[in-house]
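These are my notebook entries on a single chain. I set down what I looked up, element by element.

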Amino acid sequence: MKLKESASFYCNFQVMTVPDAGTSNNSNTLSITTTESLREPIMEIHPSHNIIEGDALTIVCRSSTDPRFQVGAVKIFLRKGDKILKAGNGSVSHSMIAQADDSGEYECKAENERRVRKSAKKILRVTELFSKPVLVQSPAEIDEGKPFNLTCHVENKIFPDMQLKYTIYKNITALTSGSPDGSYTNDRPTLDDEGFYHCSAVAEFKPINKTSKEIFLKVHTLVSTPTIAVSGNVILNKPFSVVCRSDRGSVPISYTLMRGSEAFKTLAVWTALEPAHFTVTIKTKEEIRDFTCEAQNRGPSSVRTSAALNASVIEPVSSAELQLITGPDVAEGQSLTLQCQAVGGTLPIEFHFYKGGQEFQPDPDKSGRHWSHIIKAVTREDSGTYYCDATNRAGETRSSAKLTVNVTLALWKLALIGLFCVLLLLAIAAFCVIWHKSRAAKKDTAAELSVKPSSPKSDDSLTVSLTNETEVYNKVAVGPGGGARVSQCESQSPPGSEDISGDDTPSEPDVEYTEVVHLEPNPSRAPVRKGTDTVYSELRNSSQGAAYHGDCDSVEYAQLQHNTVQPTH
């Protein structure tokens with residue numbers, strides 16, 4: 001719109017459902033006149049072209065609205081992108097030294113009290129006097145103690161002969177000041193030289209100062225001589241861990257475990273002070289000295305070798321032996337010593353004693369490779385089966401063979417029992433002697449025989465006692481039942497015979513004795529029954545001296561003590 005402008009407006013209609021009806025007549029006409037309250041602002045740049053870095057630059061932004069039609073104050077804003085460079089009422093001016101970074105689109109915006117806004121835009125182009133400097137390190141990787149160089153330079157300059165001055169910084173500390181060649185050298189860098197570096201370049205005839213991007217200068221610390229050790233216990237024939245570690249050195253660090261002159265394994269670590277772990281196994285104690293460790297982080301020239309591995313090696317217990325010092329048989333009240341002996345194994349060795357499968361607390365008598373348990377006064381309860389086991393830090397338990405302990409009676413108890421047995425035997429012997437004598441006496445009494453003639457003519461009776469001392473004649477066999485027949489006759493002459501004995505012959509009747517033999521019982525026969533039988537015997541002497549049984553008086557009622565056979569059922 002122009003500052004002041006008029007326009008006429010009217011309207012008509014048409015029925016859409018009846019197209020053939022046509023269009024209505026035009027309505028009345030209205031005339032409207034408008035007046036512009038805010039016009040587009042004016043932006044001016046001085047100089048307007050050929051702007052080079054370092055030139056003085058002014059940008060002006062102002063309102064172009066006629067004061068006669070202006071509604072209130074007009075606010076002016078000069079901005080580049082989202083950044084407001086200047087703000088004011090009616091007009092603003094912004095002055096600066098042109099930099100390459102100042103190139104871009106600028107906007108001048110005007111706003112009145114009615115919130116009406118209008119703006120104008122222009123493109124500013126600033127020619128770069130020289131490009132941003134670049135800081136370069138050499139060599140690309142810096143080792144501790146080895147020299148390095150930093151160089152600051154620019155790649156493009158609008159004037160080839162233009163002189164620049166360079167300054168190199170570490171963080172905010174200047175290492176050089178206005179050096180025309182832009183170079184810095186460190187002959188013996190250390191870890192303290194590690195950090196962020198940048199540089200700046202300044203033109204001599206124009207106040208242009210440009211700064212490079214920061215670089216991080218890493219000083220690689222050469223690896224120190226590694227240490228070698230073991231982690232945990234070293235047990236023969238079991239895997240264990242060997243640890244290699246260097247206290248200093250930039251990562252990554254490569255560790256190689258050497259076994260003799262051969263490389264066993266190589267590992268790389270990427271964290272400072274992180275150790276390398278190797279798993280190995282040895283069969284003899286001497287093999288532990290074969291291991292060394294090599295570390296490097298900057299190539300073969302940085303290799304460092306550790307000392308030989310030195311660590312205690314634990315040998316497992318080979319076997320356990322249980323010994324009974326006092327023997328397997330021990331009397332009550334005596335002491336019993338159990339000694340468990342470990343074969344092989346690294347000290348200290350732990351021993352355990354068991355009786356019947358149950359562990360019992362031994363006396364604290366531990367000495368090297370054996371351990372003794374002493375029972376000072378054994379009892380019958382100490383009899384049983386014993387064994388022991390031995391173990392050390394290797395964790396392998398070895399058990400002994402089982403031994404049996406027999407606890408016998410005490411000597412005084414055996415003596416007392418012997419004395420009792422002797423007294424008992426003596427008592428039995430005395431009883432037997434007394435019993436035998438009593439038996440013999442009874443036999444003597446029972447063996448007395450009552451004899452009388454069997455002839456009714458004789459009234460004389462004869463009694464004969466048979467004892468063990470009686471002399472007996474005419475032995476008579478004992479019958480199957482064990483009985484004996486005893487015959488006794490009075491010496492008489494047969495009828496009609498004469499007495500040839502003469503006058504000197506006593507008138508007493510002659511007595512003939514018969515021996516009684518007691519046979520031993522046969523074990524295969526039935527049991528013998530004790531009893532008394534009456535045996536009859538009759539003898540008669542003839543004139544010729546032969547036995548005559550016709551008229552001989554019989555011996556009656558001869559009672560003998562003897563044994564008879566008990567019938568079996």
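Entry 1. The model is predicted, and I began with strand β15, residues 164–170. I found five of its seven residues buried, so the strand is mostly covered by the cut-off of under 20% relative accessible area. I then looked up its partners. Strand β18 (residues 195–203) runs antiparallel to β15, and seven bridges join the two. In that pairing I noted Leu164 opposite Ala203. With β16 the pairing is also antiparallel, over two bridges, and here Lys170 stands opposite Thr173. I recorded β15 and β16 as a hairpin with two residues between them. Asn171, in the turn, has a positive phi of about 60°.

Entry 2. I followed the chain to Thr176, in the loop between β16 (173–174) and β17 (183–186).

Entry 3. I turned to strand β8, residues 91–97. Its covered face consists of Val92, His94 and Met96; Ser91, Ser93, Ser95 and Ile97 make up the uncovered face. Strand β5 (residues 56–62) pairs with β8 in the antiparallel sense, over seven bridges. Within this pairing, I noted Met96 as the bridge partner of Leu57.

Entry 4. The peptide bond from His46 to Pro47 is cis, with omega near -10°; Pro47 lies in the loop between β3 (42–46) and β4 (51–52). Ser138 and Pro139 are likewise joined by a cis peptide bond, with omega about 0°. I placed Pro139 in the loop between β12 (134–138) and β13 (142–143).

For phi, I recorded a positive value of about 65° at Asn237, which is not a glycine. Leu273 has a positive phi near 65°, and its place is the loop between β26 (262–269) and β27 (276–280).

Entry 5. Lastly I looked up a nonpolar surface patch. Leu419, Val422, Leu423 and Leu426 make this patch, of about 390 Å². I located Leu419 in helix α1, residues 411–446.

Technical notes:
Residues are numbered from 1 along each chain as its sequence is written. This is a predicted model: local features need pLDDT of at least 70, side-chain atom pairs count only at pLDDT 80 or more; totals for chains, interfaces and linings use all residues. Side-chain values use heavy atoms; hydrogens and water are left out. Patches are made of residues with over 30% relative accessible area and no salt bridge: like charges are joined within 9 Å, nonpolar side chains (Val, Leu, Ile, Met, Phe, Trp, Tyr) within 5 Å. Accessible areas come from the Shrake-Rupley method with a 1.4 Å probe; for residues, only the protein chains shown count as cover. A salt bridge is a side-chain nitrogen of Lys or Arg within 4 Å of a carboxyl oxygen of Asp or Glu. Helices (H or I, at least four residues) and strands (E, at least two) are DSSP runs, numbered from the N terminus. Buried means under 20% relative accessible area, exposed over 50%, partly exposed in between (1.4 Å probe, protein chains only). Two strands pair if DSSP finds at least two bridges between them.
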